[in-house]
Amino acid sequence: MNLFYNPKGVGDVAFVQIKTVEGPFSYDKKGDVVLIKQDDEVVGLNLFNASQYINLEGQGLIKVTKTIANEIQSMLDKQDSGYQLEVDFSPKFVVGYVESKEKHPNADKLSITQIDVGSETLQIVCGAPNIEAGQKVVVAKVGAVMPSGMIIKDAELRGVPSHGMVCSMKELDLPNAPKEKGIMVLNDEYEVGQPFFDE
């Protein structure tokens, strides 16, 4: 779930992205809440007069805390929306261990990796020239929002499913990121599954 708020640009409206999907959409208005639906599934919310219900600081992409999630749910309940929020508070940037790497059958510069992120093993298609089995790396899981604003989604790259992204220092907006292409390789002090950032 991602929350956007830009009071200077669009007024006192918060936008909640629940699923990343293309239109068409249908809209169901309940007081100050608009449920954005696709095939009867709620994929987003527009929350009008948001500051009357939710304590939002800053603008742009807002970090969703448990307090904010509770305030949004309280607003949904007050407007009789009938919708129950489900928010995943697990860390989205975690340390992963590259268990295996094999060549992509349909792309010379892509590799198919299996990466242990502690709670599960993810298949991630990676284009970095320096990725190898046995490395510890930073994985952006599905739902992560990169510093660039890009949201990580389940994808299919040249016909192979990919569930996350292995990150470079530049993509993580870390200081002193090298100019060369390549993922960030971590040392052994990092534990598989631990959050990379203090979230």
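**View 1. Salt bridges in the predicted model.** The count comes to 5 salt bridges (a side-chain nitrogen of Lys or Arg within 4 Å of a carboxyl oxygen of Asp or Glu). One of them joins E41 to K19, with the closest N and O atoms 3.2 Å apart. E41 lies in strand β5 and K19 in the loop between β2 and β3, so the pair ties together parts 22 residues apart in sequence. Strands (E, at least two residues) are DSSP runs, numbered from the N terminus. This is a predicted model: local features need pLDDT of at least 70, side-chain atom pairs count only at pLDDT 80 or more, and totals for chains, interfaces and linings use all residues. Residues are numbered from 1 along each chain as its sequence is written, and side-chain values use heavy atoms, without hydrogens and water.

**View 2. The salt bridge of K37 and D28.** The closest N and O atoms are 3.4 Å apart. K37 is buried, at 18% relative accessibility. D28 is partly exposed, at 25%. Buried means under 20% relative accessible area, exposed over 50%, partly exposed in between (1.4 Å probe, protein chains only).

View 3. K30 has V33 as its bridge partner in β4. Between the strands sit 2 residues, and G31 takes a positive phi near 60°.

**View 4. K136 in strand β10.** This strand spans residues 136–140. K136 is buried yet has no salt bridge. The nearest side chain of opposite charge, D188, is 4.3 Å away. The K136 side chain does reach the backbone oxygen of D188, at 3.5 Å.

Notes: Two strands pair if DSSP finds at least two bridges between them. Helices (H or I, at least four residues) and strands (E, at least two) are DSSP runs, numbered from the N terminus. Lys and Arg count as positive and Asp and Glu as negative; His and the chain ends are not counted. A polar contact is a pair of N or O atoms within 3.5 Å; within protein, one must be able to donate a hydrogen and the other to accept it, and residues adjacent in sequence count only if both atoms are side-chain atoms.
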